[in-house]
Amino acid sequence: MTATVGKAMILAGACLLMACPAFAEDKFAPPPNAFAPLPPKQTGLPKSKQHDWTGFYAGVQSGASSGSANSKWSQDNTASPAFGAHAGYNYQFGRGLVLGGESDVSPK
């Protein structure tokens with residue numbers, strides 16, 4: 001038992017030595033260039049970067065479903081494909097309110 005405790009102490013000490021944080025500073029970095037041009041100030045996102053949710057959209061979905069039921073009277077295992085389509089329209093008011101409608105079709 002003493003050897004196990006000694007190995008555990010050595011392992012714990014090694015883990016503590018490896019877990020020490022690194023204190024790094026830029027003591028040897030060159031000073032900043034006083035004559036370098038400043039980057040331009042941005043007051044907000046450019047028009048091309050702003051997102052607008054207004055518009056039509058459409059898509060399809062597909063998948064599969066399966067299930068089983070076991071009872072004293074019957075045993076039922078089912079598997080069937082699941083697919084459909086959806087379409088809709090959204091309109092964005094101002095900066096945050098989005099209203100819209102959507103319809104979908106999924107045959108049984």
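These entries record what I looked up in a predicted model.

**Basis.** I number residues from 1 along each chain as its sequence is written. In this predicted model, local features need pLDDT of at least 70 and side-chain atom pairs count only at pLDDT 80 or more, while totals for chains, interfaces and linings use all residues, and side-chain values use heavy atoms, with hydrogens and water left out.

**Strands 2 and 3.** I took strands as DSSP runs of E of at least two residues, numbered from the N terminus. Strand 2 and strand 3 run antiparallel and are joined by nine bridges; pairing requires at least two DSSP bridges. The two form a hairpin with three residues between them, and G94 in the turn has a positive phi of about 60°. I found Y91 opposite L99 of strand 3.

**Nonpolar patch.** I noted a nonpolar surface patch of about 650 Å², made by F56, Y89, Y91, F93, L97 and L99. Strand 2 (75-93) and strand 3 (97-105) each give two or more residues to the patch, and strand 2 gives the most, with three. F56 lies in strand 1 (residues 55-70) and is exposed (over 50%), at 72% relative accessible area.

**G84.** I located G84 in strand 2. G84 counts as buried (under 20%) because its relative accessibility is 12%. G84 touches V60, Q61, V105 and S106, leaving aside residues up to four places away in sequence; contact means heavy atoms within 4.5 Å. G84 and V60 are 24 residues apart in sequence but 5.7 Å apart in space, C-alpha to C-alpha.

Key:
Patch = residues over 30% accessible without salt bridge, like charges linked within 9 Å, V, L, I, M, F, W, Y side chains within 5 Å. Areas by Shrake-Rupley, 256 points an atom, 1.4 Å probe, with all protein chains shown as cover. Salt bridge = Lys/Arg side-chain N within 4 Å of Asp/Glu carboxyl O. Helix = DSSP H or I, 4+ residues; strand = E, 2+ residues; numbered from the N terminus. Buried < 20%, exposed > 50% of the residue type's maximum accessible area, 1.4 Å probe, protein only.
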